[in-house]
Amino acid sequence: MVSPAARLVGQGVWAALTGGWYHDPEQGAFTNSCHLYLWLFLLTLPLAMHLACPANAVTAFAYCSLVTVFFTAIKVISYRLHLMFDKGEAIQQQVPRKNGRQCKDAEVPKENTVLQPSNHRVFCVFLVCLFLKQPSQDPEDSSCSSAQRKLNRQFYRFIIFPGKWIKVWYDRLTLLALLDRTEDIKENVLSILLVVLVSLLGFLTLNQGFCKDIWVLLFCLVMASCQYSLLKSVQPDPASPVHGHNKIITYSRPVYFSILCGLILLLDAGSKDTNPSVYTMYGLKLFSPRFLQSARDHILVFLYCFPAISLLGLFPQINTFCIYLLEQIDILLFGGSAASGLVSALYSISRSFVVLTVLYAFCFSAVKEPWDAQHIPALFSAFCGLLVALSYHLSRQSSDPSVLMSLIQCKYVPHFLRQQFEDSSADPLPEKMRESVKEILKSDLIVCTAAAVLSFAVSASTVFLSLRPFLSIVLFALAWTVGFVTHYILPQLRKHHPWLWISHPILKSKEHQQREVRDAAHLMWFERLYVWLQCFEKYFLYPAIILNALTIDAFSISFSFCLSYSCDIILITVAGMKLLRSSFCNPINQFVTLSFTVIFFRFDYRDISENFLLDFFMMSIVFHKLWDLLQKLQFIMTYIAPWQIAWGSSFHVFAHPFLGSVIFIASYARPIKFWEKNYNTKRSDHSNTRLAIQIEKDAGNDDNNLNSIFYEHLTRSLQESLCGDLILGRWGNYNTGDCFILASDYLNAFVHLIEIGNGLVTFQLRGLEFRGTYCQQREVEAITEGDEDDEGCCCCKPGHLPHLLSCNAAFNLRWLTWEITRTQYILEGYSIIDNNAATMLQVFDLRRILIRYYIKSIIYFTASSPKILEWIKDESIQKTLQPYAKWHYIERDLAMFNINIDEDYVPCLQGITRASFCSVYLDWIQYCARKRAEHLDSDEDSPLVTLSFALCILGRRALGTASHNMAISLDSFLYGLHALFKGDFRIAAKDEWVFADMDLLHKVVAPAIRMSLKLHQDQFTCPDEYEDPAVLYEAIQSFEEKVVICHEGDPAWRSAVLSNREELLTLRHVVDEGADEYKVIMLHKSYLSFKVIKVNKECVRGLWAGQQQELIFLRNRNPERGSIQNNKQVLRNLINSSCDQPLGYPMYVSPLTTSYLGTHSQLRNIWGGPVSLDNIKKWFRSKCNRAMSLILSACLSAAVAEKRTTLRKPA
């Protein structure tokens, strides 16, 4: 038995260093020997050829040919063997076992090791040596007897050529232990191409003479590990994000090795250029031979560290790296936002390049000749207009093209989406998103045109050249003032603890002191001020600064360029587009970047400044990484602070922040979305489970599955309001990738802001368990507990000044990776009331009340059904119900009816008669009949009474049958009640007449059992109110219209919750951790209050990455491991439990959801909604009508005044 530590060292650490080779004690000697010889062959072949052969193209070609032939043969044989196992048939054969020592040392039987045809012997010897294996011996036959025995063994026929085959004496598992499976031809071809690329680039690099002495062996080891990983990869790899075999990670090492070797060869070739093009920027000589040589040497050292880097997981799998690289290019160079996947990243970078090409063409044509300061070329003014318009449009578009493509298909090819619309007709979200995108496109058509014309006019007016440098100084000062007030002063004044010293917000919302919120959040004056300051900053101030800098820099380039003519134009175009898009999307940190740009390049290092636009552009990139570095350092310092180390091993305290690809400057090599897989929760209900499972096992009856609907509804509420609330400043300052926790009485949601655009926010919500673990509850308590009562200062308690925090509280708040930004954040949701059904039905009297309402509900639905006349005239039904029409008919069933719960039960007859039934319920039948528009006979002998009597007997018998004829037991009664509530009716043989029309079950009995539960709940507040038939009738009628009563597994439940129905009720059966209980769940639509907690995003990414590496690569299976214990300084348990499954255990994970600004009602009141032709017409019409009314009132006032003057004059 191999210990976990030994397995980790062998299969984990050693395999990560060698590319996949390790000695596996659980495999046989044959498999381990093949792995060893394969790895030694790949290691020694390039080493021997490099040392023994001359460094020329012939040697490189020979080496690549040998490796290619070797890999091709192995891949072809492996592929053919898997086909053989898939399609071939195992053949049984008796294999003789000899006695004595031969039985221990026996190899594969002679007739099985010889190829049947005599030719092709060389090829088959290689095949047999590599793949054939002696079948393992049985334990009972390990000691050989003197007698010869025969064992039954099976083999497969491996066809070499038509009619030529050999015997293969092993199974698929042995082959999978020997080599990784490549399932199709494309994967095999890709593997061979990568091997050729690794061999060619690696051997060429080796022949250049960069490696000497021991470094040659190290380089060959790195190359062999990359080649070997294509045969038997590292599973699991330190960078693998999934459990089990990961196909994509197989190709990561060869691709990285090829990229690094290619860069080394390119840089070496550039460093040997005799006439290099040297560019000087910020005092650095770019692309000089020395610069290129230094870069080559650094990459070579990086290549030497390849095994260690792979072991630490610093190389993500290749698709993750591609997303990350494209996303970073789009963000840092073009001002884009995050990507949701590889397609999204390609789409974002492609549209940025298209816009850049168009803008470059205009700028190149405008700047190719010198200007006059009093005359700006029209082409340059057109370039400025296009730059502002296109940057504004790009900032308003999401990086996910799926919604836009759906809108285009819906418009032009609707027949392709007909089936999709039918499937998603109950979900209003896709249609809302399409409408929002349509509004944005219509608005952009008008706004972009107006912005282009206005920018063209301002640029052509020569105001920027005429007023320099005074205009620049004024704009810089104004930008700093507005930014400081908007993004620092106002958010600090609105925080829960301003500057972490004041005990309460200075600018309080109207709901701040309210204990129970009954209305939507009130729009405050400082929120209006915040919005208008942002609008001024985004749409006027920063465009003016960038256009001013662009005009001055282009004017300078038209006379003299810095790098080259084309390079300077590209740089100012890219810088202008990036800065404008960043300002339009999220200008929160722009004033800080602008201030440091001015100070650094105008005062500190004026000599190295290129031009202001380029300086601003470069400083924005530097500050983007510095903000990440600052948050990383804050997380690590807080996490390892010795005075607040929480329970857990010291390994987790010091090593956990550094696990999972932590690179300080470059940030994590993972996209902002972080998780590679688009994981989202799929709710289990009756629409996606089999009927047998629904009836017998009650699938999805755990609390997590049932409560996930509340997080789904919370996601929809955020989809309506999140973008507007962020712009109103209700969540404080925010940036791309920020993480927040919404905490309320029972909902704890983790919100991850992924993409932030101009008027849109893409987020993902992760719902945590209602009844969390002990560690989760401790961290939730740390969030909810206040610091205002803390009076400590070091070891004493001197108290604190009014409205200020104590010294201890202020100190502790500074050593947290999270901060409460708002205590009363209002969202639409449902208040949940759950009552234990066992408590409410414990007493027989309460069960009797339920049965009474059950029968009255059956009568109500029978009398009010539009098919009642059809039923009472149906001859087949009336013929079947003839026994129920007789007054002496007695319904005897001691297991079903008893005196404790049936009011019409006759003890002396031991049953229920028509007379006893009418004595209790006839008045109610007649009242319900009178409420119909048309006349309906309801006397004692009428068919209506007969049908009602029969249905009430059927309903009670169905309840008794579902209760296993033990309705007198509470547990059985609850089981039967829940079975009928979810629609599981077991109809007895004597009641099969109901199948004449299934509406008798679906429209009468089924809704009656659900309505009875609602009436039973209400009778606790007003016990005697429903004794009046009029009140009861109105109550049932009202509940039928307003209240949704159904089982939580019914798709109608989810549809009702997502449609914001006012009130819902259900009966829940929960079996969890030995608890078997029934709950009556009532939902009332209301406004919920949340605390908004902002979490350090680098803390979240670090803990997520650490969990991924600890559980997948380090194989820590301990459910009580130290890394998930509570740590209130970093909220470790809450963050780690929100990971994607199986690393975490969130109750609900939403898909990526985009919130648009136009869906926020309060912001619509501020600026009137999206700009469109219809809205402009309405605005002009309202203004004209108002002007006309003012004119008419003025005219009337003048006429009245003139008439009064005339009357006062003497005759």
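Guide: Here's a walk through a few of the charged pairs, one at a time. Keep in mind that this is a predicted model. Searching the whole structure turns up 39 salt bridges, so we'll just pick out some of them, and a salt bridge here means a Lys or Arg side-chain nitrogen within 4 Å of an Asp or Glu carboxyl oxygen.

Start with Lys 1014 and Glu 1063, whose side chains meet at 2.6 Å, N to O. Lys 1014 belongs to helix α38, while Glu 1063 is in strand β14 (residues 1063-1072), so this pair ties together parts 49 residues apart in sequence. Both ends are tucked away: Lys 1014 is buried, with a relative accessible area of 3%, and Glu 1063 also counts as buried, at 17%.

Now go to Asp 268, which pairs with Lys 272; their closest N and O atoms are 3.1 Å apart. The two ends contrast in accessibility: Asp 268 is buried at 5%, whereas Lys 272 is exposed at 54%.

Last stop: Asp 991 and Arg 957, with a salt bridge of 2.7 Å from N to O. Asp 991 sits in the loop between α37 (970-981) and α38 (999-1018), and Arg 957 is in helix α36 (residues 943-962), so the pair links distant parts of the chain, 34 residues apart. Asp 991 and Arg 957 are both buried.

Methods
Residues numbered from 1 in each chain as written. Predicted model: local features only at pLDDT ≥ 70, side-chain atom pairs only at ≥ 80, totals over all residues. Heavy atoms only, no water. Buried < 20%, exposed > 50% of the residue type's maximum accessible area, 1.4 Å probe, protein only. Helix = DSSP H or I, 4+ residues; strand = E, 2+ residues; numbered from the N terminus.
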